[in-house]
Amino acid sequence: MKNITIAIDGFSSTGKSTVAKQLAKHLGYVYVDTGAMYRAVTYYAMQNGLISDLDFNKEALIYQLPNIKISFKFNKTLGFAEVYLNAVNIEKEIRTLEVSSYVSKVAAISEIRQKLVEQQQQMGQDKGVVMDGRDIGTVVFPDAELKLFMTASAETRAERRYQELIERGDDVEYKDVLDNVKERDYIDSNRKDSPLKKAEDAIEIDNSNMSLDEQFNTILQLAKMTT
Ligand code: C5P
């Protein structure tokens with residue numbers, strides 16, 4: 001079986017990362033969560049007072065980009081690679097609703113996308129990779145052998161994300177999570193640079209009514225047919 005590149009794109013909270021992790025584990029591939037990279041830059045901006053509800057100092061963030069080093073380290077216990085910002089593990093910190101509320105504004109900046117896309121292309125250069133995000137099949141790996149585009153209703157996605165946040169112990173309201181999902185969909189789909197859209201040759205999977213097992217098996221079959 002030859003190694004391929006699997007690109008998984010789609011709207012927020014469509015369960016891309018869950019299936020991408022399962023698939024990478026099963027195939028012995030590397031998994032790259034590109035959303036975590038945009039979240040890491042956003043977290044840096046928050047920590048350094050560059051973004052808040054009142055203000056967003058884009059120029060300062062762009063100027064400080066060379067100081068932002070993002071890396072991944074495999075955690076054997078968890079079974080996937082966690083994200084590090086300047087050598088500090090920030091896997092938990094980047095999953096808050098606060099980071100989610102700013103990340104799409106940060107991800108719309110071309111200079112940031114350019115830096116992260118370059119790093120993503122390096123990470124996937126040897127193939128044998130499952131990468132999830134918004135522009136993997138369209139921009140990062142337009143030649144990926146298998147491209148998937150995941151969808152589900154905004155309500156279904158918000159409910160899943162809400163449950164995740166509650167299980168982590170975060171104090172959030174369902175309505176705020178739903179508003180955030182819809183806002184990110186809008187910003188991600190309408191930005192000038194690399195908007196979220198289905199690549200022409202991507203296979204669309206609506207998982208609103210699919211169990212995790214059904215989804216995994218469907219995608220595994222597609223991967224097997226491609227390799
Ligand atoms: O996948 P996740 O929901 O963690 O992504 C967070 C945000 O990062 C998205 O809403 C989007 O704004 C941005 N993103 C992106 N391009 C990617 C991955 C994520 O613009 N390839």
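Predicted model: local features only at pLDDT ≥ 70, side-chain atom pairs only at ≥ 80, totals over all residues.
Reader: Is Ser-12 buried or exposed?
Author: Leaving aside neighbours within four places in sequence, Ser-12 is in contact with Arg-157, Val-181, Arg-184 and Asp-185. A residue counts as buried if 20 or more other C-beta atoms lie within 10 Å of its own. Because Ser-12 has 23 other C-beta atoms within 10 Å, Ser-12 is buried.

Reader: With which residues is Gly-15 in contact, leaving aside its neighbours within four places in sequence?
Author: Gly-15 is found in the loop between S1 and H1, and it counts as buried because it has 21 C-beta neighbours inside 10 Å. Once neighbours within four places in sequence are set aside, the contacts of Gly-15 are Met-150, Arg-160, Asn-207 and Gln-215.

Reader: Which residues around the ligand come nearest?
Author: Sorted by class, the shell around the ligand holds 3 nonpolar, 5 polar and 5 charged residues. Of the 13 residues around the ligand, those that come nearest are Gly-35, Tyr-38, Ala-107, Gly-133 and Arg-134.

Reader: Which element gives the most to the shell around the ligand?
Author: Two or more residues of this shell come from each of helix H2 (34–47), helix H4 (97–107) and helix H8 (174–190). The element that gives the most, with 4 residues, is H2.

Note on methods:
Residues numbered from 1 in each chain as written. Near = placed C-beta within 6 Å. Nonpolar A, V, L, I, M, F, W, Y, C, P; charged D, E, K, R; others polar. Buried ≥ 20, exposed ≤ 12 C-beta atoms within 10 Å, placed from the backbone. Contact = placed C-beta atoms within 7 Å.
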